[in-house]
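Subject: Structure handover

Hello,

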Amino acid sequence: MRSVHDLMNLSNRTALITGGAGKIGAAISTSLAELGCNIILLDRPGVSFDEVTDALLKVNDKAVEIVTCDLESEDDRSAAIKQIKEKYTSLNILVNNAAFVGTSNLQGWVSDFDDQDIGVWRRALEVNLTAAFDLSKRCRTLMDGADGASIVNIGSIYGMSGPDLTLYEGTEMGNPAAYAASKGGLIQLTRWLSTVLAPNIRVNCISPGGVWRSQPEKFVQRYIERTPLKRMAVEEDFKGVIAFLASDLSQYCTGLNIPVDGGWTTW
């Protein structure tokens, strides 16, 4: 029987993390690197990977592979996986972390339902759901024979629960339908893939709660009041659960959606 230490060991394994230059992507990649994993970071053209790669080099001295890709583009996704396949013969872990989250000034995104734009809806669905489907499909041949093959999707509490719009009153924040629908679809895609790709590849999902991003104080206080653990999430909160789902610690787990939300979805 292997020890817990052996079960969490990711030495000689390789992970592809989308949205890798972002804050949650950095927490995910650092967590896996601390367990010995080789890291491939994928993110949009023009973003800086410097902060993440510097942090990873402090964890271990393994080179970090960088792949730029606009996940809204099927051609870009195809080219990105082709680039990876030219260098790697196998892939052990895929984390579909990238998400279209928009901004408060994106027209047709954070607005009343009647004003939400169908074009922006399509953009969100393409990144948050279609890209995860496409990358999982394109990576399957790399993962089929790989040790401990594991796909981890990053969902959201709003893929599980409807929004309480009173949280946003008096702020420029909101809760677009496309974000919720795409994350709900991703959770169901997790279940679908978990049976279709079994037994060679496990597929699970993490659904974060609200992450602190210097939001308006009135929103933060309302959010905390509704959260049993009485705080918003920080990036460190996701390191343990990603290590669990990506490693052999969860070797008999597939099709799960694990809320990491301070108890938000228990009410």
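Buried here means under 20% relative accessible area, exposed over 50%, and partly exposed in between (1.4 Å probe, protein chains only). This is a predicted model, so local features need pLDDT of at least 70 and side-chain atom pairs count only at pLDDT 80 or more, while totals for chains, interfaces and linings use all residues. Residues are numbered from 1 along each chain as its sequence is written, and side-chain values use heavy atoms, with hydrogens and water left out.

Cysteines. With a disulfide taken as a pair of cysteine sulfur atoms within 2.5 Å, the whole structure has zero disulfides. For C37, the nearest cysteine sulfur is that of C139, 13 Å away. C37 is buried, with a relative accessible area of 1%. C69 is in no disulfide either; the nearest cysteine sulfur, again that of C139, is 11 Å away. C69 is also buried, at 1% relative accessibility.

Cores. A nonpolar core is a set of buried Ala, Val, Leu, Ile, Met, Phe, Trp, Tyr and Cys residues joined through side-chain atoms within 4.5 Å. The largest has 35 residues, and L16, L71, I84 and M143 have the most contacts inside it. Its largest share, ten residues, comes from helix 5. (Helices are DSSP runs of H or I with at least four residues, strands are runs of E with at least two, and both are numbered from the N terminus.) Counting heavy atoms within 4.5 Å as a contact, L16 touches residues including I40, I84, L91 and C139, with those up to four places away in sequence not counted. A second, separate core of 28 residues includes A33, V52, A233 and L245.

Voids. On a 1 Å grid over the protein atoms alone, a cavity is a set of points where a 1.4 Å probe fits but cannot get out; a pocket is an open set with protein on both sides within 12 Å along at least five of seven lines; lining residues have an atom within 4 Å of a point. Grid points are joined across faces, edges and corners, and a volume is the space filled by probe spheres set on the points.

The largest pocket has a volume of about 1,600 Å³. It is lined by 49 residues, of which A99, F100, V101, G102 and Y179 are the closest to its centre. Helix 2 gives the most to this lining, with three residues.

There are two cavities of 30 Å³ or more. The largest cavity has a volume of about 50 Å³, and helix 5 gives the most to its lining, with five residues.

Regards
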